[in-house]
Amino acid sequence: MPDMRDLVGALREQSGEFVALRRDIHRHPELGFQEFRTSDLVAQRLQAWGYEVTRGLGGTGVVGQLRRGDGKRRLGLRADMDALPIQEATGLPHASVHAGLMHACGHDGHTAILLAAARHIAQHVEFSGTLNLIFQPAEEGLGGAKKMMQDGLFQRFPCDAIFAMHNMPGFARGTLLLREGPTMASSENITITLRGVGGHGAMPHLSADPVVAGSAIVMGLQTIVSRNVAPLQMSVITVGSFQAGTANNVIPNEAVLKLSVRSLDREVHQLLLRRIGELVKLQAESFGVQAEVDFQGGYPVLVNTRAETEFARKVALELLGPEAVTLQAEALTGSEDFAFMLDEVPGSYLYIGNGDKACGGHGSCMVHNPNYDFDDANIPVGAAYWSLLAQRFLIE
Ligand SMILES: [Zn+2]
Ligand SMILES: [Zn+2]
């Protein structure tokens, strides 16, 4: 068997074009569902390399399909394309030209990696089966993955397994981190509206005060994590916003609380939602205030399946050797809409280290930091990984 590090080397030699492309996308960030320029670039490239290109799923989503031989296996590889509403502070030559918009999560890098793999696979990899490259819009909170699925992604492009890769600052660049089981948290947004009876601040007995009720509810919510959820289960309830009233001497009619709820287990997630509903309703009632709890949905727990993660680990070890691969990484409390895809199709979501040096303009600031930048040295590593994974998966 040839040394697979040669594959990384080969892709490194061809990576100049993709580094330039990554920086071009970085310079022109687009928010979720507005990735018009980015999806044009993706579609043009895929078409030029012989992919059958389908556009319009989830609005700006792109699928590139390559079929070879009579192999029955169908593989999906997914990258995200959207940027964030952040003012870039890197001062780099390829910094965003759009005020208040920035690729601060490295989705420019994920797109470039998958494109570099797309060309290499089309031109140099022998396989038999169907390769579906999925470029999705709006990963950042807007659920672009779900939107593509609602538009028939897996009916039109069935996949036996799907994989996705995200860069992760804090780990050595070019290393891969895998994990079986729950890997990213569920995330649910909840808005609680408390309707009381407003009045004069000097005559509280004539009112039903939603501020006092809301304050009790904020404290009561803390007991759900500490008293209802088993201590070894990770869960978070954060009240990130509490809006009520305008003046010292006026008891308002209404208070609005906005919550973020996270966990790493589907049952715990249901428990959290159920207890929030019960606790808010009864607490509000005890203050003579009416409560409306609006569960706005969010992202489910991301669960990597066993067989597909084991396969993804084997490919990582073959490509990079054990010193550059973490076989069972820690779970994270962030969330990711690839979870929707994994609820329907088995697969695995892995990380590529984006550098472990302290934040300071060398690509190792945390994602969503205004000084963050994707490390271009990851493009050949990530592309080599996708190429080898496709080659090993798509066999007759
Ligand atoms: Zn992000
Ligand atoms: Zn991201």
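Hi everyone. Let's begin with Ala138, which sits in the loop between S4 and H5. Those labels are DSSP runs numbered from the N terminus, with helices being H or I of at least four residues and strands being E of at least two. What is the phi of Ala138? The value is near 55°, which is positive in a residue other than glycine. For background, most residues other than glycine have a negative phi. Ala138 is also buried, having a relative accessible area of 0%. Buried here means under 20% relative accessible area, exposed means over 50%, and partly exposed lies in between, using a 1.4 Å probe and protein chains only.

Before going on, a word on the model: it is predicted, so local features need pLDDT of at least 70 and side-chain atom pairs count only at pLDDT 80 or more, while totals for chains, interfaces and linings use all residues. Residues are numbered from 1 along each chain as its sequence is written, chains are lettered from A and ligands numbered from 1 in the order in which they are written, and side-chain values use heavy atoms, with hydrogens and water left out.

Now to the zinc ions.

Distant parts of the chain are linked here: Glu140 lies in the loop between strand S4 (129-136) and helix H5 (144-150), and His368 in the loop between strand S16 (347-353) and helix H11 (378-393), 228 residues apart. His368 is partly exposed, at a relative accessible area of 38%. His368 also has a positive phi, about 75°, although it is not a glycine.

The zinc ion (ligand 2) has Cys105 (SG), His107 (NE2) and His166 (NE2) as its protein donors, 2.1 to 2.3 Å away. Their spacing in sequence is C-x1-H-x58-H. How far apart are the two zinc ions? They lie 3.1 Å apart, bridged by Cys105. Cys105 counts as buried at 6% relative accessibility, and His107 is buried at 0%.

Back to S4, where we started. Eight of its eight residues are buried, so S4 is largely enclosed by the rest of the structure. Strand S2 (residues 62-68) pairs with S4 in the antiparallel sense over seven bridges, and Arg68 has Gly129 of S4 as its bridge partner. Strands pair if DSSP finds at least two bridges between them. S3 and S4 run parallel, joined by seven bridges, with Ala79 opposite Phe135 in S4.

Strand S3 (residues 74-80) holds Leu75, which is buried at 0% relative accessibility. Leaving out residues up to four places away in sequence, Leu75 touches several others, including Thr130, Phe163 and Phe393; contact means heavy atoms within 4.5 Å.

Phe163 and Phe393 turn up again, linked with Phe311 into a cluster by ring pairs. Rings of Phe, Tyr and Trp (its six-membered ring) pair if their centres lie within 6.5 Å, and planes under 30 degrees apart count as stacked, over 60 as edge-to-face and the rest as tilted. The whole structure has seven aromatic pairs. In one of them, Tyr349 and Tyr351 have ring centres 5.6 Å apart and planes at 80°, so the pair is edge-to-face. Both tyrosines are buried.

Last stop, an open sheet of four strands in the order S10-S12-S8-S13, paired antiparallel. Strand S10 (235-244) and strand S13 (290-299) stand at the edges with a single partner strand each, so one side of each has no neighbour in the sheet. S10 and strand S12 (residues 254-263) are joined by nine bridges, and Thr238 has Ser260 of S12 as its bridge partner.

Definitions and conventions:
Donors = N, O, S within 2.8 Å, 3.2 Å for Na, K, Ca; no water.
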